[in-house]
Amino acid sequence: MRAVVQRVSRASVAVDGQVAGAIDGQGLLVLVGVTHQDTPQTAAKLATKLWGLRILHGEKSCSDVGAPLLVVSQFTLYAETNKGRRPTWQAAAPGPAAEPIVDAMVSSLRGLGARVETGVFGAEMQVSLVNDGPVTLILEN
């Protein structure tokens, strides 16, 4: 799994002009991609890392302050761009395989006590955010 994690002061995701998920106040926006080898165990490991990641103000984690997370599936994180100008996404798991892994990560986060908002898997989404810092990290499992 691969995740782009941004510390935000607010973030939202909309589908067809309707807000599907939003967080307001200190939290994390997590764009998450799934590859062919990922499993629910991989998802649980990433969830634990996200929940304890100390990138909020004062070197706090979401678990320390109860900060929310907005999780948005993002297959394009596995773009292959080495050749030519047209990316391919062969390294990304297909939707039917990836969706349950993203769901497992969200369930794991909630099981840890996190308040989690989400986008809509496979939908055309518009993501809005205010990056706080800016702080942006790339995590890989």
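Glu117 is partly exposed, with 25% relative accessible area. Its side chain meets that of Arg115 in a salt bridge, 3.9 Å from N to O. This is a predicted model. A search of the whole structure finds four salt bridges and one aromatic pair. The largest nonpolar core holds 31 residues.

**Salt bridges**

- Side chains of opposite charge can pair when their charged atoms come close.
- Arg115, the partner of Glu117, is partly exposed, with a relative accessible area of 42%.
- Arg2 and Glu140 form another salt bridge, and their closest N and O atoms are 3.1 Å apart. This pair links distant parts of the chain: Arg2 sits in strand E1 (residues 2–15) and Glu140 in strand E5 (residues 125–140), 138 residues apart.
- Glu140 counts as exposed because its relative accessibility is 52%, and the cut-off for exposed is over 50%.
- Arg7 and Asp132 also meet through their side chains in a salt bridge, at 3.7 Å from N to O. Here too the partners come from distant parts of the chain, with Arg7 in E1 and Asp132 in E5, 125 residues apart.
- Arg7 is at 10% relative accessibility, so Arg7 counts as buried. The limit for buried is under 20%.

**The sheet**

- Strands of a sheet pair through backbone hydrogen bonds, either parallel or antiparallel.
- E1 and E5 run antiparallel and are joined by 12 bridges. Ala3 has Leu139 in E5 as its bridge partner.

**Nonpolar cores**

- In soluble globular proteins, nonpolar side chains tend to be buried together.
- Within the largest core, of 31 residues, those with the most contacts are Val5, Val30, Leu50, Leu69, Met105 and Leu109.
- E1, E2, H1, E3, H3 and E5 each supply at least two residues of this core. H3 gives the largest share, seven residues.
- Leu50 is in contact with Val5, Leu28, Val30, Leu69, Met105, Leu109 and Leu139, leaving aside its neighbours within four places in sequence.
- Another core lies apart from the largest one. This other core has 12 residues, among them Ala11, Val13, Val15 and Ile23.

**The aromatic pair**

- A pair of aromatic rings is described by the distance of the centres and the angle of the planes.
- A search of the whole structure finds one such pair. The ring centres of Phe75 and Trp89 are 5.6 Å apart and the planes stand at 70°, so the pair is edge-to-face. The angle cut-off for edge-to-face is over 60 degrees.
- Phe75 and Trp89 are 14 residues apart, and both lie in the loop between strand E3 (69–73) and helix H3 (95–112).
- Phe75 counts as partly exposed, at 48% relative accessibility. Trp89 is partly exposed as well, with a relative accessible area of 34%.

**Backbone details**

- Most residues other than glycine have a negative phi, and most peptide bonds are trans.
- The peptide bond that joins Gly133 and Pro134 is cis, with omega about -5°. Pro134 belongs to strand E5.
- Asp16 is not a glycine, yet its phi is positive, about 55°. Asp16 lies in the loop between E1 and strand E2 (18–33). With a relative accessible area of 73%, Asp16 is exposed.
- Glu59 also has a positive phi, near 55°, and is a residue other than glycine. Glu59 lies in the loop between helix H1 (40–52) and helix H2 (62–65). With a relative accessible area of 62%, Glu59 is exposed.

Note on methods:
Residues numbered from 1 in each chain as written. Predicted model: local features only at pLDDT ≥ 70, side-chain atom pairs only at ≥ 80, totals over all residues. Heavy atoms only, no water. Helix = DSSP H or I, 4+ residues; strand = E, 2+ residues; numbered from the N terminus. Buried < 20%, exposed > 50% of the residue type's maximum accessible area, 1.4 Å probe, protein only. Phe/Tyr/Trp six-rings, centres within 6.5 Å; stacked < 30°, edge-to-face > 60°. Pairing = 2+ DSSP bridges. Core = buried A, V, L, I, M, F, W, Y, C linked by side-chain atoms within 4.5 Å. Contact = heavy atoms within 4.5 Å.
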